[in-house]
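This report describes one predicted model, going from single residues to the chain as a whole. Please keep the sequence and the structure in view while reading.

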Amino acid sequence: VQLQASGGGLVQAGGSQRLSCAASGTIFKINDMGWYRQAPGKQRELVASISSGGSTNYADSVKGRFTISRDNAKNTMYLQMNSLKPEDTAAYYCNADLVNIYYVRRRYWGQGTQVTVSS
């Protein structure tokens, strides 16, 4: 099983960016998925999460600006980021709680994708 994150880059403050996270491999079922971020010198923090049924949860710092979604048919999760601020600059990681075809359940991490917001 592999999680592949993409969509990071350099954007000006006030701009938008869309991240994607595609899960592939021997997947039976994906439960919760989430986006985390880690800025230099800081701990990794939860940005947003989404259940298999579509229930969402956001960090206070991104509420009203970021939207998490998923396409279960494509095993893909998205993070639409609007009104970006310099403090959103970080490496963004996707995470998924999933069950493989051998019915083994565990959490997986994707590689980080860097988002840099210039002022």
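## Two residues with positive phi

Tyr-103 lies in the loop between β9 and β10 (105-109), where strands are DSSP runs of E of at least two residues and helices are runs of H or I of at least four, both numbered from the N terminus. The phi of Tyr-103 is near 65 degrees, a positive value in a residue other than glycine. Most residues other than glycine have a negative phi. With a relative accessibility of 61%, Tyr-103 counts as exposed; the classes used here are buried for under 20% relative accessible area, exposed for over 50%, and partly exposed in between, with a 1.4 Å probe and protein chains only.

Asn-75 also has a positive phi, about 55 degrees, although it is not a glycine. Asn-75 is placed in the loop between β7 and β8 (76-81), and its relative accessibility of 26% makes it partly exposed.

## Basis of the values

The model is predicted, so local features need pLDDT of at least 70 and side-chain atom pairs count only at pLDDT 80 or more, while totals for chains, interfaces and linings use all residues. Residues are numbered from 1 along each chain as its sequence is written, and side-chain values use heavy atoms, with hydrogens and water left out.

Asn-100 belongs to strand β9 and is buried, with a relative accessible area of 10%. Its side chain reaches two backbone nitrogens, that of Tyr-102 at 2.8 Å and that of Val-104 at 3.0 Å. Such polar contacts are pairs of N or O atoms within 3.5 Å; within protein, one atom must be able to donate a hydrogen and the other to accept it, and residues adjacent in sequence count only if both atoms are side-chain atoms. Leaving aside neighbours within four places in sequence, Asn-100 is in contact with Val-1, Thr-26, Ile-27 and Phe-28, contact meaning heavy atoms within 4.5 Å.

Tyr-93 is likewise found in strand β9, and it is buried at a relative accessible area of 18%. When residues up to four places away in sequence are not counted, Tyr-93 touches a set of residues that includes Gly-34, Trp-35, Tyr-36 and Gln-38, together with Arg-44 and Trp-109. The C-alpha atoms of Tyr-93 and Asn-82, which are 11 residues apart along the chain, are separated by 18 Å.

## The disulfide

How many disulfides does the model contain? The count comes to 1 disulfide, where a disulfide is a pair of cysteine sulfur atoms within 2.5 Å. The bond joins Cys-21 to Cys-94, with an S to S distance of 2.2 Å, and it links distant parts of the chain, since Cys-21 sits in strand β3 (residues 17-24) and Cys-94 in strand β9 (residues 90-100), 73 residues apart. Both Cys-21 and Cys-94 are buried. The torsion about the S-S bond of Cys-21 and Cys-94 is about 65 degrees, so the disulfide is right-handed.

## Arg-37 and its partners

Arg-37 lies in strand β4 (residues 27-38) and counts as buried, at 6% relative accessibility. The side chain of Arg-37 makes a polar contact of 3.0 Å with the side chain of Asp-88 and another, of 2.9 Å, with the side chain of Tyr-92. Beyond its neighbours within four places in sequence, the residues in contact with Arg-37 include Gln-43, Glu-45, Val-62, Phe-66 and Ala-90.

The antiparallel pairing of β1 and β3 extends over 5 bridges, and Ser-6 stands opposite Ser-20 in β3.

## The chain as a whole

The secondary structure of the protein chain comes to 0 helices and 11 strands. Its radius of gyration is 14 Å, close to the 14 Å that the globule rule gives for 119 residues, so the chain is as compact as a globular protein of that length; the radius is taken over C-alpha atoms, and the rule is 2.2 Å times the number of residues to the power 0.38. Along its principal axes the C-alpha trace spans about 50 × 25 × 20 Å.

Buried residues make up 43% of the 119 residues. Of the contacts with a separation of 6 or more, 54% are between residues 24 or more positions apart.

Methods: Pairing = 2+ DSSP bridges.
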